Amino acid sequence: QQAPPQRAHGSAPLCRGRRELCAMPPSSSAAPGAARRRALCLHGWRANPELMELQIVRLQMKLEDDIDFSFLSGPIAVQQAADEMVRELARPPYFQWWDEERDKPAAIQYVASYIQKNGPFDLLVGFS
């Protein structure tokens, strides 16, 4: 099975119709010319990067001058959302990290391979 696409910061619509979530002003603690840190964001079960970006939008806005956020989709695409809230906030497909056929160690290897290929990352952000 081919791995689903991942999203870099800014590729999913932040606050799509939800500007009230974006009310926190950004701040920066990075020294001028300092290298930006990188965060890898992992969504929850039967969610997707679009929802994950919405869930951490305030964190992104607070740290946008310091950290680049990347979003990785789980390796298993499904059409059923985790629950009604997920369905209302994000469009399918949804993703999960493991199931009966793909076990947890395979999911860990999937993330580790992504990090090895696309890293390094300074921070891992997860949502469940």
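## Q96 and its surroundings

The side chain of Q96 sits 2.8 Å from that of R46, making a polar contact. This comes from a predicted model, so keep that in mind while looking around.

Q96 belongs to strand β5, which covers residues 94–96. With a relative accessibility of 5%, Q96 counts as buried. Leaving aside residues up to four places away in sequence, Q96 touches H43, W45, R46, G74, P75, I76 and V78.

## The overall picture

Zooming out, the protein has four helices and six strands, and they come in the order β-β-α-α-β-β-α-β-α-β from the N terminus. Of its 128 residues, 38% are buried.

Take the contacts between residues at least 6 apart in sequence: 76% of them join residues at least 24 apart. The accessible surface is about 7,700 Å², with 54% of that belonging to carbon and sulfur atoms.

## Aromatic pairs

Searching the whole structure turns up two aromatic pairs. W97 and Y110 have ring centres 6.2 Å apart and planes at 55°, so this pair is tilted. The two residues are 13 apart in the chain, with W97 in the loop between β5 and α4 (104–118) and Y110 in helix α4 itself. W97 is buried at 11% relative accessibility, and Y110 is buried too, at 12%.

Y114 and F121 make a stacked pair, 6.1 Å centre to centre with 20° between the planes. Here Y114 is buried with a relative accessible area of 12%, and F121 is buried with 17%. F121 also has R38 lying over its face, 4.3 Å from the ring centre.

Definitions and conventions
Residues numbered from 1 in each chain as written. Predicted model: local features only at pLDDT ≥ 70, side-chain atom pairs only at ≥ 80, totals over all residues. Heavy atoms only, no water. Buried < 20%, exposed > 50% of the residue type's maximum accessible area, 1.4 Å probe, protein only. Polar contact = N/O pair within 3.5 Å; in protein donor to acceptor, adjacent residues only side chain to side chain. Contact = heavy atoms within 4.5 Å. Areas by Shrake-Rupley, 256 points an atom, 1.4 Å probe, with all protein chains shown as cover. Phe/Tyr/Trp six-rings, centres within 6.5 Å; stacked < 30°, edge-to-face > 60°. Lys NZ or Arg CZ within 6 Å of the ring centre and 35° of its normal.
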